[in-house]
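Trainee: I would like to learn how to read a model like this one. Please show me.

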Amino acid sequence: MSSKENFDPDKLELSKTQILEFCDKVLAKWNKKPNDNAKNILAMNAVKTSVFWTDDDSLKAIWSEIISWVYELLYENAKAQDKEWAKIMKKLKNKE
């Protein structure tokens with residue numbers, strides 16, 4: 001089978017290190033305005049700690065569910081904003 005046939009957008013392929021690096025990237029952004037983001041920084045550090053201490057199999061199971069839920073949340077959030085889909089999809093694409 002080709003890799004395209006095995007594609008599963010809900011399956012976590014990132015390593016624990018990559019997830020922790022993502023957390024660090026978000027923390028670096030929020031730490032530019034620590035007073036405004038104090039609660040967010042605390043919460044992200046809790047996420048980072050839980051990722052660090054979670055075994056790889058559990059991490060893949062948990063984050064695969066989170067990834068799946070994100071798609072549903074994006075869809076529901078876009079509908080709730082009552083905007084045209086093309087504008088919403090363009091904005092999501094530009095986040096890359």
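Trainee: How many helices and strands does the secondary structure of the chain come to?

Mentor: First, the ground rules. This is a predicted model, where local features need pLDDT of at least 70, side-chain atom pairs count only at pLDDT 80 or more, and totals for chains, interfaces and linings use all residues. Residues are numbered from 1 along each chain as its sequence is written, and side-chain values use heavy atoms, with hydrogens and water left out. Helices (H or I, at least four residues) and strands (E, at least two) are DSSP runs, numbered from the N terminus. Here the chain has 4 helices and 0 strands. The order from the N terminus is α-α-α-α.

Trainee: How many salt bridges does the structure hold?

Mentor: Side chains of opposite charge can pair when their charged atoms come close. The cut-off: a side-chain nitrogen of Lys or Arg within 4 Å of a carboxyl oxygen of Asp or Glu. This structure holds 1 salt bridge. Asp24 pairs with Lys48, and their closest N and O atoms are 2.3 Å apart.

Trainee: Which parts does the pair tie together?

Mentor: Asp24 sits in helix 1 (residues 16-30) and Lys48 in helix 2 (residues 38-53), so the bridge links parts 24 residues apart in sequence.

Trainee: What does Asp24 count as, by relative accessibility?

Mentor: Buried means under 20% relative accessible area, exposed over 50%, partly exposed in between (1.4 Å probe, protein chains only). Asp24, at 34%, is partly exposed. Lys48, at 24%, is partly exposed too.

Trainee: What percentage of the chain's residues count as buried?

Mentor: Of its 96 residues, 16%.
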